[in-house]
Amino acid sequence: MTEPSQITIKRATALAEAALMDGIYSLEAECFGESAWSQKEFEASVSDSSHVTLFAALFKGGDGTDVPVGFLMLGHAADEGEIMNIAVRGDFRRRGIGRRLMAAAEAYAQLLGVRVIFLEVRAANEGARALYERVGYFKAAVRRGYYKSPKDDAVIMKKHIGET
């Protein structure tokens with residue numbers, strides 16, 4: 001079993017790491033199925049590095065290459081941030097990777113002057129909601145019928161960061 005210490009969290013730059021980006025998009029498709037962003041949407045979002053920062057959880061593969069096992073996409077503008085997307089590969093879940101990705105994103109957001117971070121999550125995704133609550137997010141609103149396939153509400157959560 002892979003130990004959490006064998007996972008590295010780093011900011012990923014889309015232009016410099018094309019192979020890494022392919023692996024991250026494959027993870028997006030694997031984790032979200034028909035709800036996944038298209039590859040074109042995904043690439044367009046991460047190429048806007050002035051407003052979007054991508055974080056990757058990497059595991060060193062048998063051939064020495066970095067294999068993405070999780071990622072988080074952070075949108076940021078002025079003093080607000082948004083976790084646009086977060087995913088962890090199924091066989092790497094429940095090992096603290098999601099929590100570490102969120103901590104890295106929050107630390108970086110603070111450096112950018114972000115004071116509050118929002119995210120939305122399917123109401124039925126109890127595991128994700130529990131993680132977000134454990135790391136300090138709280139329910140701010142509900143968008144009824146937001147998700148279509150399968151039909152579900154979106155829970156908007158937020159967390160204030162950088163406050164003493």
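Helix α2 (residues 39-47) lies across β2 (52-60), β3 and β4, and runs at about 65° to β3. Contact here means heavy atoms within 4.5 Å; helices (H or I, at least four residues) and strands (E, at least two) are DSSP runs, numbered from the N terminus. Axes are lines fitted to C-alpha atoms, for helices over the stretch in contact, with angles from 0 to 180 degrees between N-to-C directions. This is a predicted model, in which local features need pLDDT of at least 70 and side-chain atom pairs count only at pLDDT 80 or more, while totals for chains, interfaces and linings use all residues. Residues are numbered from 1 along each chain as its sequence is written, and side-chain values use heavy atoms, with hydrogens and water left out.

Then there is helix α3 (residues 97-111), lying across β1, β2, β3, β4, β5 and β7 at about 40° to β3.

The sheet itself is open, with seven strands in the order β1-β2-β3-β4-β5-β7-β6 and mixed pairing; two strands pair if DSSP finds at least two bridges between them. Its edges are β1 (7-12) and β6, each of which pairs on one side only. On average, neighbouring strands are turned by 25° against each other, direction ignored.

Now for the pairings. Strands β3 (residues 66-77) and β4 (residues 80-88) run antiparallel and share eight bridges, with phenylalanine 71 opposite alanine 87 of β4. Strand β7 (residues 151-160) is joined to β5 (residues 116-122) by seven bridges, again antiparallel, and glutamate 120 faces isoleucine 156 of β7 there. With β6 (residues 138-148), β7 also pairs in the antiparallel sense over seven bridges; phenylalanine 138 has lysine 158 in β7 as its bridge partner. A hairpin of two residues links β6 to β7.

That leaves the largest pocket, which holds about 1,200 Å³ of space. On a 1 Å grid over the protein atoms alone, a pocket is an open set of points where a 1.4 Å probe fits, with protein on both sides within 12 Å along at least five of seven lines, and lining residues have an atom within 4 Å of a point. Grid points are joined across faces, edges and corners, and the volume is the space filled by probe spheres set on the points. Of the 36 lining residues, Phe32, Ile86, Asn125, Ala128 and Tyr132 are the closest to the centre. Two or more residues each come from α1 (18-32), β4, α3, β5, α4 (126-134) and β6, and β4 gives the most, with seven.
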